[in-house]
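Thanks for asking me to look this one over.

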Amino acid sequence: MGYQQYGISPALVARIKQKMKNPATKERIKGIIEGVSKFDLQDPAKVQRLVKSATGVLKENLSQAEEQQIVRFVVAQKIDPNNTFHLIKLWGMFR
């Protein structure tokens, strides 16, 4: 799995996936990422703010190292939120 190469714990991913099954939480996360562009996801500072916002909603306490691992992972994926293929690829990573 790609995220493990960045040092992101499978246990963390499993906890977040479980929390995202809650419809209210899912909607709050959607609200955070609404309007995010490909260029926003290539800016480490913006990605870090998004990660901090999302972890607040999910009530996850991440260490600085874990936060940086997630930021590096997101930037390295070169995600275009308007490209369906990119979204399917991400979905496949976290199934």
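1. H2 crosses H3 with a right-handed sense. Please keep in mind throughout that this is a predicted model. The angle between H2 and H3 is about 165°, and their axes lie 10 Å apart. That angle is over 145°, so H2 counts as roughly antiparallel to H3.

2. Which residues bring these two helices together? On the H2 side they are Thr-25, Arg-28, Ile-29 and Ile-32, and they meet Leu-50, Ser-53, Ala-54, Val-57 and Leu-58 of H3. By class, the residues of this H2 contact with H3 comprise six nonpolar, two polar and one charged.

3. Is Thr-25 buried or exposed? Its relative accessible area is 15%, under the 20% cut-off, so Thr-25 counts as buried. Leaving aside residues up to four places away in sequence, Thr-25 touches Lys-19, Met-20, Val-57 and Leu-58.

4. Next comes the pairing of H3 with H4. Helix H3 covers residues 44–58 and helix H4 covers residues 64–77; they pack at about 125°, with 9 Å between their axes. This angle makes H3 oblique to H4. The H3 and H4 crossing is right-handed. H3 contributes Pro-44, Val-47, Gln-48, Val-51 and Lys-52 to the contact, while H4 contributes Gln-64, Glu-67, Gln-68, Ile-70, Val-71, Val-74 and Val-75. Sorted by class, the residues where H3 meets H4 are seven nonpolar, three polar and two charged.

5. Two lysines in loops are worth checking for their backbone angles. As background, most residues other than glycine have a negative phi. Lys-59 is not a glycine, yet it has a positive phi of about 55°. This lysine lies in the loop between H3 and H4. With a relative accessibility of 65%, Lys-59 counts as exposed.

6. The other lysine to inspect is Lys-78. Here too phi is positive, at about 50°, although the residue is not a glycine. Where is Lys-78 placed? Lys-78 belongs to the loop between H4 and helix H5, the latter covering 84–93. Its relative accessibility is 52%, so Lys-78 counts as exposed, the cut-off being over 50%.

7. A few overall figures round out the picture. Taken along the principal axes, the C-alpha atoms fill a box of roughly 30 × 25 × 25 Å. Among the 95 residues of the chain, 31% count as buried, and Thr-25 counts as buried too. Of the contacts in the chain with a separation of 6 or more, 60% come from residues 24 or more positions apart.

Methods. Residues numbered from 1 in each chain as written. Predicted model: local features only at pLDDT ≥ 70, side-chain atom pairs only at ≥ 80, totals over all residues. Heavy atoms only, no water. Axes fitted to C-alpha atoms, helices over the stretch in contact; angles between N-to-C directions. Helix = DSSP H or I, 4+ residues; strand = E, 2+ residues; numbered from the N terminus. Parallel < 35°, antiparallel > 145°, perpendicular 65-115°, else oblique. Left-handed = near helix turned anticlockwise from the far one by under 90°. Contact = heavy atoms within 4.5 Å. Nonpolar A, V, L, I, M, F, W, Y, C, P; charged D, E, K, R; others polar. Buried < 20%, exposed > 50% of the residue type's maximum accessible area, 1.4 Å probe, protein only.
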